[in-house]
Amino acid sequence: MLSLLYQEGPSTKGIFRRSGSAKTFKELKEKLDSGTEVDLARESIFVTASLFKDFLRNIPGSILSSQLCDKWVSVLDQGNNEEKIKSIQRLLEHLPRANVVLLRYIFGVLHGIEVRSEENQMNAFNLAVCIAPSLLWPPVSSTPDIESEFIKKISSLVQFLIENCCRIFGDEVTSLFGEI
């Protein structure tokens, strides 16, 4: 999924914002869940993007770890960008290695899309709004107002991660999949 999103996302207007066919999404999700081989290259990239967000939402405790939720939310309250980046890197050390590897690929894809935002209309802010709720959620449910405020903070954090992914994850994050 990430490879397809890396290849097609930068040239796809509204990637992660638009949804694919709900029927196709449901059918593909059932096939993937049952272990059936699926050729996503034959499907709409919007369905693939929806499947990917669904995959992220189904990671127990979220990929950024709901247990670290308060620490993630407070990152942007820290001093300058350098301090924020160091804080993020320390938080990444508390995540399972598989989560960090997946995050590197995710932000490599998001960076590739953001670089071509003139073409796809998905700048770091727009991408963050679309993907942030799939990356982290609070460990307990809350009121709609608190949840809305939380989503704004996490979206700002994800925007910062996209804009600074090379400094956070290393310059090679932009070439994990090779050339677009």
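Biologist: Which residues make the nonpolar surface patch of about 240 Å²?

Modeller: This is a predicted model: local features need pLDDT of at least 70, side-chain atom pairs count only at pLDDT 80 or more, and totals for chains, interfaces and linings use all residues. Residues are numbered from 1 along each chain as its sequence is written, and side-chain values use heavy atoms, leaving out hydrogens and water. Patch residues have over 30% relative accessible area and no salt bridge; like charges are joined within 9 Å, nonpolar side chains (Val, Leu, Ile, Met, Phe, Trp, Tyr) within 5 Å, and areas come from the Shrake-Rupley method with a 1.4 Å probe, only the protein chains shown counting as cover for residues. Here the patch is made by Met-1, Leu-32 and Phe-55.

Biologist: Is Leu-32 buried, partly exposed or exposed?

Modeller: Leu-32 lies in helix α2, residues 22–34. Helices (H or I, at least four residues) and strands (E, at least two) are DSSP runs, numbered from the N terminus. Buried means under 20% relative accessible area, exposed over 50%, partly exposed in between (1.4 Å probe, protein chains only). Leu-32 has 34% relative accessibility, so it counts as partly exposed.

Biologist: How far apart are the closest N and O atoms of Lys-23 and Glu-27?

Modeller: A salt bridge puts a side-chain nitrogen of Lys or Arg within 4 Å of a carboxyl oxygen of Asp or Glu. Both residues lie in helix α2, 4 residues apart, about one turn of the helix. Lys-23 is exposed at 60% relative accessible area, and Glu-27 is partly exposed at 37%. Their closest N and O atoms are apart by 3.6 Å.

Biologist: Which residue does Lys-26 meet in a salt bridge?

Modeller: Lys-26 is exposed because its relative accessibility is 53%. At 3.6 Å, N to O, the side chain of Lys-26 meets that of Glu-30.

Biologist: Which residue joins Lys-29 and Asp-33 in one network?

Modeller: Lys-29 and Asp-33 form a salt bridge, with closest N and O atoms 3.3 Å apart. Both lie in helix α2, 4 residues apart, about one turn of the helix. Salt bridges that share partners link Lys-29 and Asp-33 into one network with Asp-54.

Biologist: How many salt bridges does the structure hold?

Modeller: Lys-23 with Glu-27 is one of them. Lys-29 with Asp-33 is also among them. In the structure, the salt bridges number 9.
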